[in-house]
Protein chains: 2
Amino acid sequence: MDPSARFSNRSAGLRASEIRALFAVASRPGVVSLAGGMPAAEALPGQVLARILGEVAAQPGALQYATGQGDPVLRELICTVMAHEGVVADADDVVVTTGAQQALDLVTAVLADPGDVVLAESPSYVGALATFSAHGLQVRHVPDDGGGLSGPAIAELVGRARGAGRRVAFLYTVPNFANPSGVTLSASRRAEVLAMCDRIGLQVVEDNPYGLLRLEGEPLPSLRASDPGVVYLGSFSKILAPGLRVGWALAPPEVTGRLVLAAEAAMLCHSGTAQLAVARYLADEPWTDHVKALRELYWERRQTMVGALSTLMPRGTRWRVPEGGFFLWLSLPEGARAKEMLPRAIREGVAYVPGTGFFANGAGDDHLRLSYSYPEPAAITLGVRRLARVVREAADTDRTRRTPS
Amino acid sequence: MDPSARFSNRSAGLRASEIRALFAVASRPGVVSLAGGMPAAEALPGQVLARILGEVAAQPGALQYATGQGDPVLRELICTVMAHEGVVADADDVVVTTGAQQALDLVTAVLADPGDVVLAESPSYVGALATFSAHGLQVRHVPDDGGGLSGPAIAELVGRARGAGRRVAFLYTVPNFANPSGVTLSASRRAEVLAMCDRIGLQVVEDNPYGLLRLEGEPLPSLRASDPGVVYLGSFSKILAPGLRVGWALAPPEVTGRLVLAAEAAMLCHSGTAQLAVARYLADEPWTDHVKALRELYWERRQTMVGALSTLMPRGTRWRVPEGGFFLWLSLPEGARAKEMLPRAIREGVAYVPGTGFFANGAGDDHLRLSYSYPEPAAITLGVRRLARVVREAADTDRTRRTPS
């Protein structure tokens, strides 16, 4: 059999995530990983979930097949979680998924065909880019004028794509503490983006895994709070535990119907055990207190990282302090290249994600993503110190290279 | 925004499963459901899994993100499970998935493009048909000459499809105790099918959720045992618990690489908690004894159903006694139509799945699927009694209708 004919054409769009490829090196002993976006080990309520899992697994039905849409009690409770983001929602419009990643995968299947254009922030979440590539979509990054998405930039890209005969399937956005940029879309920009998308007939898909992890400032209502036409993706991975793989999509009823069918075709149903455990946790445990404690934990880590960067990084390195979430997007001084620097950084004992991972078009090599969520404060300082040395050398080397001798 | 432009073209291929739609009515009080394919409640080791889940969830890492391919220890143990089917495999070639359903979904994405042809048994598993439809594939049912798949029938369909300019992506088969037909492919047919597929360059995808649930007769080695080029799908849903959603794909290395990328794009990773729980169960519990007990349990239920059918069904009703698995495929007497009969059957207090759910081409209305896995023996007898009355009336009505008056 000819192996070249073995694979589907579309499987050529599958690409290895730079982050996942980094996992092996980043977890070598002695390497401080500022690469991964995992929650802190201290953030996972292991004892509580161990007890709850033990209790629910013994319940009738917990180990059986569940429904494709997800447990009705959990869906009700998910609505109470979203209420903290200003969202008024009906449990009938919620679909429980294997993390928000699967929610995005199913939404993409329902809304987009191969060859369609999808708009995303500049930079954008690497996992979303992998999904879009797997589905054969063309990603167009909306230029960031310093405030994230803007109505005119969206309109221009949509106009250009449609002018070229392409269908634009949706705008994908992480409006709160975006991964990797840390950018939060302002209230006025939220209104502007929604108004523009409404005017030009563009579906909005809002991914909000970090919304409740605001470390300072006033919460802004989610896009879905202002516009029930928005498809909203949520996750328990950041506020509870990624290992249960429970996320969800909230969508207008006509979209929800197709999402349920897509979920059934993709996996029949989500784990009943995991769903009952999350439902029990939300119903019986003081989960908002837990989230409050997470904010304190991540606030301290963010402060540590920002302090270390300010103290240690060479001139010409820039960053914006994120108001929440897990990530800080670092702009390198002239001449330093994120990908080129990485092997050196690993040898020095620090890992990060080069900015190129967050663009579909090869841009981003002058940036890198740092995460302060997983390492303890002392490790953050150590990692930034190592990184600063590597960045300084890279910039110096470049300067020497460019100085006429 | 024009809602008609809202959805992807391909999402038109999403279809509601007749089985899932039946769940609501079939679970009404007083209705004996011979419809669902759930394991018996008694088959689920709730106390053992409750203890194990409580233990593993407290372990470091259980609640974190896992790798896209799945836990290495679990993959090793999965190889020992497959060894019971004659399969010699390397853990590097195993990908852990959200049940075998997701394994099939990912395999389909990697091997098939929309418009491709896929071959399946006649009848074939409804969940697979839903996946193929969601991916825009054309299903061709291989005619069953009484022994299931045959080499010449496969060759003829492939020749016809290729002659019409279509790519044939793969043959999907459930060789042991197929859902819904109960058919087990004989040893000689296995060899014949593999030889033919090799000769004509057709990938084989073997789905084997019931293989270890043989109720009588000698086990036959799986197709993958004879041919390492076969892609093999396995599941813990039938031998342990569906609610954990742990299945897997075993594939040749070059396919495995793409499956891992597809899994990451679809869900990042499977639940670490569920994976560690299954691994602990396989390593520490006498799981083969549990499987032996399941065989006893399902043997008794199958005997009950076959006995009741023999005693109660009207002349002209036919079935083949399955050597294992959960299902019995009933051929109705002339004039009885499975779909037409169903509302009447529900009123009489028995549910089944009309045969049409298992064909992509509208065939099957002269058959229905009965499951003996979930109801207790007394309920099986009661359900068959009710069903026999409905079948007799349907056949009688038809006879009356056709008798010249």
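I began with one pair, and noted that the side chains of E216(A) and R302(A) meet in a salt bridge at 2.9 Å, N to O; the term stands for a side-chain nitrogen of Lys or Arg within 4 Å of a carboxyl oxygen of Asp or Glu. The model is predicted, so I kept in mind that local features need pLDDT of at least 70, that side-chain atom pairs count only at pLDDT 80 or more, and that totals for chains, interfaces and linings use all residues. Residues are numbered from 1 along each chain as its sequence is written, chains are lettered from A, and side-chain values use heavy atoms, with hydrogens and water left out.

Next I looked up the domains of chain A, and found domain 1 (9-44 + 289-402) and domain 2 (46-284), with bounds from an automatic or database domain assignment. Their centres, taken over C-alpha atoms, are 25 Å apart. The contact (heavy atoms within 4.5 Å) takes 33 residues from domain 1 of chain A and 31 residues from domain 2 of chain A.

I then turned to area, and noted that the two domains of chain A bury about 2,800 Å² between them, 62% of it on carbon and sulfur atoms; buried area is the accessible area (1.4 Å probe) that two parts lose on being put together, summed over both. In domain 1 of chain A, R320(A), E323(A) and F358(A) lose the most area to domain 2 of chain A, together 21% of what that side buries.

Last, I checked the salt bridges between domain 1 of chain A and domain 2 of chain A, and the count is 3.
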